[in-house]
Amino acid sequence: MPGPIQGVKVLELAQIMAGPTCGLMLADLGAEVIKIEKIPGGDDTRRFLPPDINGEASAYMMMNRNKKGIAINLKEKDGINILKKMIKESDVVIENFRKGTMEKLGIGYDELKKINPKIVYCEISGYGRTGPYSDKGGFDLVAQGMSGLMSITGESKDKPPMKVGAPLTDITAGILGATGVLAALINREKTGEGQRVDTSLFEAGIVHTYWQSAIAVATGKSPGPLGSAHPLTAPYQAFKTKDNWITVGASNQKTWLRLIKALNKEELQEDERFNSNDNRMSNLTSLVEVLQKEILKKTSKEWIDIFDKEGLPCGPINSITEMHNDPHTIDRKMIIEVENKKAGKSKAIGMPIKFSKTKIENSTGAPVFGEHTDEVLLNFGYSDTEIKDYKTRGIVA
């Protein structure tokens, strides 16, 4: 069977990461996603070089597989007219430009809903389309700082602020956008009406502070960074082994007892500093010192084998390439192979959601600049002669 939202037509007027993540999620769910790139230049990630594969930017290819690519000059009236015709026959628009950009071009939501009242218009921005920061541009680093994430990431308050290594708010905003689009499509089935979907990097950062916000709400105090440790339960963090690092998740009394049994340190349960989660959290520094001394005695593989036998949550600290080559990653099809006309075959991150019936079809590689312009315009009713004229005048590429 095809993907669960096959038949949904999405126009992606977005670039770099947040908007393209939204488009990627919807494409993997079966939607036809048409990526509309600007003339000249296209998506800015085309110039995120290096790294590249045969001259095609790896960053661009990672975020834009499974989409059709068309290039339109939206600064020209005929380019805007092409887009408006496409809007009339589409279900979803995704954009992640600064507030007012689409309105200046005459293709903001208020204008597009006149053309297609059923359109679902997804806006992903730095801070949302309302509020005192709505005019500011959005960047993951800044959003991580303002959302509180950088205050809880890192080793301690004495160290410089640290952001999460991945562009967490960009990616999460894209996933939130896709969730909002799906909800709006379901609502449209009931009402026959489209609507705008508005989310932001700022809010995407905030939703990752659930536990820390719970602490702040209850105590009136903001928790700080704890390295790899958990703010509410212990021990739940990374430990150094004889040869590397591992994570250990003894996050409740049951797993705590499994840990000290595996370490052959069951007497620790009689230590009043460690006999309950509350006491372990209150004496976290001492707890880590005691456990670390023991865990340094064996290699990562030795401890993982021991802990697995005890049913204790644990795992290695993989590098990205180690994760790519992990047999479980491969079995779950999280690393797939796609083909780009310029780069040839390359690896990509796969679809993270699996369905029992609506199977996801094999993914196509990211389009080269304007790869599907002719195909898309023909499908929207333009003739070969019209397309040739638009190309000659630089309206499409």
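User: Which residues of helix α13 (residues 300-310) are buried?

Analyst: In this predicted model, S300, W303, I304 and F307 are the buried residues of α13. Buried means under 20% relative accessible area, exposed over 50%, and partly exposed in between, with a 1.4 Å probe and protein chains only. Helices (H or I, at least four residues) and strands (E, at least two) are DSSP runs, numbered from the N terminus.

User: What puts these residues on the same side of α13?

Analyst: They cover an arc of only 100° around the axis, so they sit on the same side of α13. The arc is that of the directions from the helix axis to the C-beta atoms. An α-helix has 3.6 residues a turn, so residues three or four places apart point the same way. K301 and K309, on the other side of α13, are exposed.

User: What covers the buried residues of α13?

Analyst: The cover includes β10 (245-249), α10 (253-262), α12 (284-295) and β11 (314-316). Contact here means heavy atoms within 4.5 Å.

User: How many disulfides does the rule give?

Analyst: The count is zero, where a disulfide is a pair of cysteine sulfur atoms within 2.5 Å. For C22, the nearest cysteine sulfur is that of C122, 4.3 Å away, and C22 is in no disulfide.

User: Why is C22 called buried, and why is C314 called partly exposed?

Analyst: C22 has a relative accessible area of 0% and is therefore buried. C314 has 23%, and therefore counts as partly exposed.

User: Why does N264 count as exposed, and what is its phi?

Analyst: N264 counts as exposed because its relative accessibility is 62%. Its phi is positive, about 60°, although N264 is not a glycine. N264 lies in the loop between α10 and α11 (277-282).

User: Why does K333 count as exposed?

Analyst: K333 counts as exposed because its relative accessibility is 57%. K333 also has a positive phi, about 55°, without being a glycine, and its place is the loop between α15 (327-331) and β12 (335-340).

User: Which peptide bond is cis, from A234 to P235, and what is the omega of the cis bond joining P50 and P51?

Analyst: The bond from A234 to P235 is cis, with omega near -5°. For P50 and P51, omega is about 5°. P51 is in the loop between β2 (32-38) and β3 (52-53).

User: How are residues numbered, and what limits apply to the model?

Analyst: Residues are numbered from 1 along each chain as its sequence is written. Local features need pLDDT of at least 70, side-chain atom pairs count only at pLDDT 80 or more, totals for chains, interfaces and linings use all residues, and side-chain values use heavy atoms, with hydrogens and water left out.
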